[in-house]
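Reader: I would like to go through this model and ask what stands behind each term. Please set each value against its cut-off.

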Amino acid sequence: MGFTGKIADYLQLVYGDVTLGVAGEGFHCIFSYQTGGLESLCVKGKEWLYRTPKPTFWRALTDNDRGCGFHLKSGMWMSADLYMDCVEIEVEVDGQKIPLPKAPENNRFGAKEYAEKLAVTFHYETITVPKTEVAVTYEVIPSGKIIVTAEYKGKEGLPSLPQFGMRFIMPTKAVGYIYEGLSGETYPDRKAGGETGIYQMEGLPVTPYLCPQDCGMHMDTKWLEIERESVLDNTWTGKERFSLKIESVGDSFAFNCLPYTAQELESATHQEELPPARRTVLCVLGAVRGVGGIDSWGTDIEEAYRIDAQKDIRFSFAIRMS
Amino acid sequence: MHNTKNHTPPKMHKPKRRENQKFVTKKHKLQMDLFRKDWVMEADLKWIDNPEVFRVNQMEAHSDHEYYTTETTYQAGKNLLKQPLDGIWKVCYSRNASERPKNFYQEGFDSSKFDDVKVPGHLELAGYDKVHYINTMYPWEGHYFRRPTGCGMKGERKGEFSEADYNPVGSYICKFDLKEELVGKKTSIFFEGVEQAMYVWLNGIFIGYAEDSFTPSEFDITEALRKEGNTLAVEVHKRSTAAYLEDQDFFRFFGIFRSVTLYARPKAHVEDLWIRPKYHLENSTGTVDISLKLSGATGQGCVEAFIKESGKTGASAQDGIKACVVAREELGKCVEISCQMPGKVIPWDNWNPYLYEIEIRLFDGQGSLVEIVPYRFGFRKIEMRDKVLYLNGKRLILNGVNRHEWSAETGRCISKEEAAWDMECIRKNQINAVRTCHYPNQILWYYLCDENGIYMMAETNLESHGSWQKMGEVEPSWNVPGDLPEWEAAVLDRAKTNFEVFKNHTSILFWSLGNESYAGEAIRKMHAYYKEKDPGRIVHYEGVFPNRAYEDTVSEVESQMYAPPWRIREYLDNHPKKPFILCEYMHGMGNSIGGMKSYMDLLDEYEMYQGGFLWDFIDQALFATDEVTGEKALRYGGDFDDRPSDYEFSGNGMVFADRREKPAMQEVRYYYGLYR
């Protein structure tokens, strides 16, 4: 459609051969048909993504996970977390589904393309046996917000999940984050003592468990703002901090924000073996497995805190770019 | 208990068996009168192979009271008759007994080639011998095939420790002059903790032998002591038959790891003190029975005892004095005092750890003050009614934690500051009970628990799970102490020492027979011992859970560990015989302590569920220098090339090894606060 109103009310779309660009006031995103997801999230000139975010299923085993043999039953989720295929991409412009506008389909567009709303859905197929599907929809709104909805399709025969959500890897290590939610490190079965409030974290603290393992979870979060001060862009020499905000949509969400992926954490037997912290790994989660505590050598966590992989999971959150 | 009539004759190496002494060894009747040591023994290396020899020439265990000789030194809290020997000693490390310097204790031995070593401390952490962490397996697993004396199996072997090619020895030498105040007085040497078997000589004279690493070992050294130029020689063996009884899930260390002190006696002295306060619920009054055992110039002079309110924690002796002369007795070997407190008393508990203070004064025949012994105690009543435990009439709820003494720098040799930090952390996080897993702690800790209202489960130094629990399964084809007569005296002596040393601590509500040592006749007798000596406290033991044959004769509470909530319900819904306690629960390994609510809910559902002790207070890990970065890093089992190991299994704390709270602590604080 042609541009008729205020720029802030519209998104400008760039129907590339391989990607779909979308820009609004102060932000520019690129969805990639090649990498199968959101390849770039640039806010006020700062890039927030190092690699295309994907659904996450795996967490670094906790001592209790290992003790109860969770990995022996659910280990396939580790490879599913690492490797997945994007099998289909859908694009909706102003509520209308259009044929995937990659080359040569995109030749029908020009340099000035605008929309009030854009939704891109990536369908992933897991490498679990049996396979299942995850759909991730990014709904971009001109006011500078992306609503992300992740839908896991439950499948009979799949073992219990460690977690489900989206993992974002950011180019540089954040200086810290602020969130509104519960104090301390909380999990579904360990959050009664958490006090509601707004908390500021310095750096990306990794809880120094003797053996590195999943940590730093924050349940029941309303919003989260990540602050950085460095970029990989060679043209930028500034020092000021900049931030990105994640907000709940309806329900609260859970997250952890660490300088490591689950695989990095799990590969280290000691804290000092962890590599130098260079990135920010944010997992925004709709389902988190509890940590348990009955023992560390056989008893699984209580049933209420396990994630049933046979049931659908759907959750949303928003990325605020303004 | 002292035997004054039947002295072992000098130089008699094979004393005859006396049947009337229950708690001494069969083959070596070596007990002596405290101040009439008129004989000398030779040390025998074979003692480390013999479970029936564990205590040679040791003084009787006694109350842990302090004493002073003047009003001024009492007010200043300074016992002038005490001389600490902690500091830099000489040591020689040997890989086994045959390589040790055998004559190092002799006068004139040249120890200049020995190394300097700090006492107290573990020898492994001073750079001798390998650091090793292992849980249930005996530390020689995969290295030596061993079977305990008396089990009747093929693997039993004479000289299994004394002749082993790996069984390190630390030969320590400490030279000292006597402080002026101690000269000419009856004097003992007091080792608060030495792991795991020790021989002591002074100025070339054999003083004695001790096992039981975690309780004090004390010897009369009066006869051997000089004013100047004393040479103390201590030979510490890493393993002995005591190793079968000390298989705790921890780093396996050896050495003199707690303080060494000389204590001189004034001319009359309170050797033992047993204060038995009784709190009468019906009218909030208190009575106190006190038994004193005196030594020295008894028979003349008199004893005075006062009880006053010492007020709140930390109150000085002058605060809130409500002195009452409760007794004035003639001096005798044993003195019994009873008194009724005037008016009502304030009971001691976690909310208000109110302590009274008794002051005992000994005077000589001329009426001059000889000794002051102060002791703080509280009035409290722990009782079982209708299978429920009550403290001062209120149902007891244990919001407890198991605590190993631990420092990432110095292992189980922890500082006063670290102990104080632990107590502060416990108070702050609403924890009201501590189990001294799985051995008696430093004496200081019991005083801290009294002052802070912490309910103690005071555990005996006993853990033999390597003998009957294999790869998590109950497999008692051989086990110690079991029913083996050779092991019975040793474990009963451990119970006795634990009781005698700590009996005056108000905070102790439970005596615990030890941890994970299965159940048999020896354990049953330990239970009976505690109950007979101290019917006013509760006896606890978990080991009847795997061996139900002893359900009716061992442990007054049903104690289990790591029971899922449903298993607790199952017990309590099916004609339970005893109140239920979890002596260990919520295993805090790594990122854990989820699901605590399910346990706390049981407190509301069942009167007979009385809470438990989290596992555990602090991660056991050690600082080491990282090979790559050169920086300090926390290391655990397997990080010292120690095999076999149970690796990170020692890190189950509510606090990290460097004493930072783990995130789970906020959950503990929340729930324990709700149910306090």
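Author: Chain B is divided into domain 1 (72–264), domain 2 (268–377) and domain 3 (393–618 + 653–674). This is a predicted model, in which local features need pLDDT of at least 70, side-chain atom pairs count only at pLDDT 80 or more, and totals for chains, interfaces and linings use all residues. Residues are numbered from 1 along each chain as its sequence is written, and chains are lettered from A in the order in which they are written.

Reader: Why is B:K186 called buried?

Author: A residue is buried with 20 or more other C-beta atoms within 10 Å of its own, exposed with 12 or fewer, and partly exposed in between; C-beta atoms are placed from the backbone. B:K186 has 21 such neighbours inside 10 Å, so B:K186 counts as buried. Its place is the loop between strand 6 (169–176) and strand 7 (187–191) of chain B; strands are DSSP runs of E, at least two residues, numbered from the N terminus.

Reader: What makes a set of residues a nonpolar core?

Author: Its members are buried Ala, Val, Leu, Ile, Met, Phe, Trp, Tyr and Cys residues joined through C-beta atoms within 7 Å. The largest such core has 155 residues, and B:Y172, B:M198, B:I256 and B:M456 have the most contacts inside it. At least three residues come from each of domain 1 and domain 3 of chain B.

Technical notes. Domains from an automatic or database assignment. Helix = DSSP H or I, 4+ residues; strand = E, 2+ residues; numbered from the N terminus.
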